[in-house]
Amino acid sequence: MYLKEHRQNLGSMISVELIGEEQEMLLSLINTFWEEVNLFENKFSRFKENSEVGILNANIGKKQKISALMLEVLSFAENLKIKTNGAFNISIADILENWGYDQDYSFVFQDMPVKAGDLYIDKEEQEVILTAKIDLGGLGKGYLLDLAKQIFGPILNVCVNAGGD
């Protein structure tokens, strides 16, 4: 059986294609995947004021408690920043918005001086201080693709496209 679904999430069209013998199992797995995508978007979207990222971005410069998953994601992002000598930096939401990469994708450039920021993570206290707004964009989609690999593990023929820009 062949099953294909696509939905608009995380600012992109995400599609899933599965081939397997048991229809009920395929439907169950694909529903689990979409539930995880929705949970992730509600927690990590910079466009949702009540998401954990939205709350962090509204409190720049303040020490803030974070969830265990946020700690894991931010720590991973900081390790990538170190490994890439700063080329990978999630503290770029202000830059993206300056370029017009906003919720409506207006792409209206605003000539404002902006720079990337830093994160100060206290792993023991599970707290963070941001010096600029964060955007988990590609990192978040990569996380979801890793999660898809776990969810769809029993299926041999799977294609998940979380493309975007």
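Okay, let's start with helix α3, where Met70, Leu71, Val73, Leu74, Ser75, Ala77, Glu78 and Lys81 are buried (under 20% relative accessible area with a 1.4 Å probe, protein chains only; exposed is over 50%, partly exposed in between). Keep in mind that this is a predicted model, where local features need pLDDT of at least 70, side-chain atom pairs count only at pLDDT 80 or more, and totals for chains, interfaces and linings use all residues. Residues are numbered from 1 along each chain as its sequence is written, and side-chain values use heavy atoms, leaving out hydrogens and water.

Helices here are DSSP runs of H or I with at least four residues, strands are runs of E with at least two, and both are numbered from the N terminus. So what covers the buried residues of α3? The cover includes α1, α2, β4, β5 and α5, with contact meaning heavy atoms within 4.5 Å.

How about the length? The 16 residues of α3 should span 22 Å, and its end C-alpha atoms are 23 Å apart, which agrees; the expected span is 1.5 Å times one less than the number of residues. Just after α3, Asn85 takes a positive phi of about 55°.

Now the core. The largest nonpolar one has 35 residues, and Leu74 is among those with the most contacts inside it, along with Phe33, Ile90, Ile134 and Phe152. Such a core is a set of buried Ala, Val, Leu, Ile, Met, Phe, Trp, Tyr and Cys residues joined through side-chain atoms within 4.5 Å. Helix α1 gives the most to this core, eight residues. And Ile134 touches, among others, Leu74, Ile90 and Leu119.

Conventions: Lists of a residue's contacts leave out its neighbours within four places in sequence.
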